Amino acid sequence: GTDVSAALDGPPHRHSANARRWLEQYYVGEMEPGEEQVPPAAPGCPGFSFSFQSHPEPVDEKAADAAAQTPTRLDPRCKTVDVEKDLVDWQKPLLWQVGYLGEKYDEWVHQPVDRPIRLFHSDFLESLSKTAWYVVFMVWAPVVLYLSWVSYTSLAQGNTRLFSSFTTEYSIPVHKYYFPFIFLLGMFLWSLLEYLIHRFVFHMKPPASNYYLITLHFLLHGQHHKSPFDSSRLVFPPVPASLVIGFFYGVLQLLLPEVLGLSVFVGGLCGYVIYDMMHYYLHYGSPKKGTYLYGLKAYHVKHHFEHQKSGFGISTRFWDHPFRTLIPEETFEKED
């Protein structure tokens, strides 16, 4: 029975338009006069309120059933999201619809909703596009452990030398003791790759006239921004991930000696697994206030709901600093 409009206006910060729109999905109705504990909100949407009872009174089941069948009076300023009047048909797969939105796509995809998304007509393809968070760990963690052992034992043979393709006299031997540092280098390079992919691929703005690029964007990342709490779409499914991972493995094998490239690769693969696990946790976890993960969660939520053109770092904010895409710290100033 307490009006939370003041809380939405801050402090500690003023909530975004998307945060207010997000609440509309759960709008039930208005409290009758006299039920509220504080004066009602000033005219205008929203005047959201929540009701709690510490000692609930016995419920009359017949009365409850009758109330449930009675249509709720909705404030026309604050109505629920009407999926039937949305720009897409939520009863059908969305992937082949979004390309027709054209100029409306960018605004539509950055107005998040709390509902699952279906991408494909085919049940098989749909299953390949979804996965539980623990599947990523179960699939790739053993690969990381195995390739780490292969890399270390190969380096231990003492046959790996850097720059040997250019000169044999001045080539540099790579000892097994270097493996942890090469592994960490791979993780560091992954963090940069994570930032670049998120910013320049996942957040490209497809031309309004290009149906296929809009469809591709929605498949890669747009569907995550449209439904950021669809738990089955928060990590990269192993089948398409294996294609991307295989590509980067091939690139490293071309650029570096075989064992050295494998050592960098396995570090990067470990970084990817940590990133995917962390991304899921930032959406569904409850880190303790003041911790590193708490700050990252708040940072990532801001990226989804208000700052979609900045805050591209997920597992770290490090690269947002040199690339100048850091989400600014908010200083609360109450409007008159």
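**Close-up views of a predicted model**

**View 1. A salt bridge between R233 and D230.** R233 pairs with D230 in a salt bridge, and their closest N and O atoms sit 3.6 Å apart. This is a predicted model, so keep that in mind for every view here. Is R233 buried or exposed? R233 is buried, at a relative accessible area of 6%. D230 is buried too, with 8%. As background, side chains of opposite charge can pair when their charged atoms come close.

**View 2. D9 and R20, a link between two helices.** Here D9 makes a salt bridge with R20, with 2.5 Å between the closest N and O atoms. D9 belongs to helix α1 (residues 5-9) and R20 to helix α2 (residues 17-24), so this pair ties together parts that are eleven residues apart in sequence. D9 counts as partly exposed, because its relative accessibility is 29%, a value that falls between the cut-offs of 20% and 50%.

**View 3. D123 meets R118.** The side chains of D123 and R118 come together in a salt bridge, 2.6 Å from N to O. How exposed are the two ends? D123 counts as exposed, at 59% relative accessibility. R118 counts as partly exposed, at 33%. Across the whole structure, the search turns up four salt bridges.

**View 4. S315 and its neighbours.** Look for S315 in the segment after α11 (292-305). Which side chain does the side chain of S315 reach with a polar contact? The partner is the side chain of E194, at 2.7 Å. Leaving aside residues up to four places away in sequence, S315 touches E194, Y275, M278, Y292 and L296. S315 counts as buried because its relative accessibility is 15%, and the cut-off for buried is under 20%.

**View 5. W319 against F188, S191, L192 and Y195.** W319 also lies in the segment after α11. What does W319 touch, once residues up to four places away in sequence are set aside? The list is F188, S191, L192 and Y195. With S191 there is a polar contact as well, joining the two side chains at 2.9 Å. W319 counts as buried, with 12% relative accessibility. E194 turns up again in this view: W319 and E194 are 125 residues apart in sequence, yet 9.6 Å apart in space, C-alpha to C-alpha.

**View 6. R324 and its positive phi.** R324 has a positive phi of about 55 degrees, although it is not a glycine. For context, most residues other than glycine have a negative phi. R324 sits in the segment after α11. Is R324 buried or exposed? R324 is exposed, with a relative accessible area of 77%.

**View 7. A nonpolar surface patch.** F200, V201, L216, L219 and L220 make a nonpolar surface patch of about 390 Å². Which helices supply at least two residues each? They are α7 (179-202) and α8 (211-226). Of the contributors, α8 gives the most, with three residues. L220 is placed in helix α8, and L220 is partly exposed, at a relative accessible area of 36%.

View 8. In UniProt, an unreviewed entry places the feature "transmembrane region" at residues 132-152, 177-197, 234-256 and 262-282. What does the model show for the span 132-152? Residues 132-152 are 95% helix and 0% strand, and the end C-alpha atoms lie 31 Å apart. For residues 177-197 the end C-alpha atoms lie 32 Å apart, and the span comes out as 90% helix and 0% strand.

**View 9. The chain behind the close-ups.** Stepping back, the chain has eleven helices and four strands. How much of the chain counts as buried? Of its 336 residues, 38% do. Among contacts in the chain with a separation of 6 or more, 71% are between residues 24 or more positions apart. The chain exposes about 20700 Å², and carbon and sulfur atoms supply 62% of that area.

Conventions
Residues numbered from 1 in each chain as written. Predicted model: local features only at pLDDT ≥ 70, side-chain atom pairs only at ≥ 80, totals over all residues. Heavy atoms only, no water. Patch = residues over 30% accessible without salt bridge, like charges linked within 9 Å, V, L, I, M, F, W, Y side chains within 5 Å. Areas by Shrake-Rupley, 256 points an atom, 1.4 Å probe, with all protein chains shown as cover. Buried < 20%, exposed > 50% of the residue type's maximum accessible area, 1.4 Å probe, protein only. UniProt positions renumbered as here; feature names shortened; annotations may be inferred. Polar contact = N/O pair within 3.5 Å; in protein donor to acceptor, adjacent residues only side chain to side chain. Contact = heavy atoms within 4.5 Å.
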